[in-house]
Amino acid sequence: MAEIKSHEFEGFLQKSARLYRIYLIYGPDRGLVSERAGMIAGKTGIDQNDPFSVTKLDVGDLQKEPGRLVDEAQSIGLFGGEKLIWVRGAANEKYLVDAVAFLSGASLEAASIIIEAGDLKKGSALRKTVETARSAAVAIPCYADDGRALNALIDNELSTEGLGITPAARQALVGLIGGDRIASRNEIRKLALYCRGMGTIDDHHVTEIIGDASAISVDDAVDAILSGNSNSFLHAMQKITSSKTSVFLVLQACLRQFQLLDTMRAEMDDKRLPPAQIMQTLGRHLHFRRKPIIEQALKSWSAGAISRETKRLQAAVLQTRQRQILEDSIAMQTLLSTTLQSARRPQA
């Protein structure tokens, strides 16, 4: 079984990361997942700016071409050398699980595969496939930073600016960060820039400049979308964008949510089950706070409407990849449209 603990990552990165070919990086902290994926990509030694050596895919791309991951991994680069295939937005899609199962038994001498996934529960198909693989595959969990990790992050970021921090300021800062690694890092850098040249950061500096990064949540935005609450949606998006968290992450999470709704609604209609019963099976992994929102969405969205909205979200993801300069605008416009669609649905 190839699995490392979240706190073992730094040692793994330095000592044994290059021994593996398939990396599954998953967890509820999307920022930490993204950050660690970037670190592993750097360890491969492949030029990240070389389009002939690096192929970046969204899981929606694999849905359209289920065999593409295998084809990319087994093909030879135009100019030879090693290749990196980087997949984002994974969950437990069968076509992805099947591809990983096949590749974990194949010889990947010139290809590395990085897969960024959400919060995969123990025993979930994708996670189990990687953890039980006999070849060079490894699963890397990414959970929200604890106090020790947050203090290390603060020290690392402030040391680059030659800044110290008082105990009171440190305590205040730790209380305001921690929900997402990238958001936390951006907040600390913002504080360091504000205090550049001061020598020591005091608690009043923290109060003046830092927002509550622990409250920044992509799930809050998705829940507002499903509830059809445009005010809550705009408020959540304002917090997300102010933290410099990518708007694309919300679009990606919204797509995954509608894909889950599609599966739930199909099961509900096929077996003529009430939403509450579906939530006890397919929705048991959801946080208890979110369950009433998802259950209400199952009641108000028909199977056909869910399917159409899922396709529209997939098309938006594709557009953001094709026109990256307009990524934020496309994502925001699409998400707001979905929010308005939810608002028009009958509420029980």
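1. Valine 54 stands opposite leucine 84 in E3. Strand E2 (residues 54-58) pairs with E3 in the parallel sense over five bridges, where pairing requires at least two DSSP bridges between two strands. Aspartate 58 stands opposite arginine 88 in E3. Helices (H or I, at least four residues) and strands (E, at least two) are DSSP runs, numbered from the N terminus.

2. This is a predicted model, in which local features need pLDDT of at least 70 and side-chain atom pairs count only at pLDDT 80 or more, while totals for chains, interfaces and linings use all residues. Residues are numbered from 1 along each chain as its sequence is written, and side-chain values use heavy atoms, with hydrogens and water left out.

3. E3 also pairs in the parallel sense with strand E4 (residues 111-117), over six bridges. Leucine 84 stands opposite serine 112 in E4. Between E3 and E4 the chain passes through helix H5 (residues 94-104), a right-handed β-α-β crossover (clockwise from the first strand over the helix to the second, with the strands pointing away from the viewer).

4. Strand E3 (residues 83-90) has seven of its eight residues buried, so the rest of the structure largely encloses it. Buried means under 20% relative accessible area, exposed over 50%, and partly exposed in between (1.4 Å probe, protein chains only).

5. The open sheet has five strands in the order E2-E3-E4-E1-E5, with parallel pairing. E2 and strand E5 (137-141) are at the edges with a single partner strand each, so one side of each has no neighbour in the sheet.

6. Leucine 340 belongs to helix H17 (residues 327-343). Leucine 340 is partly exposed, at a relative accessible area of 37%.
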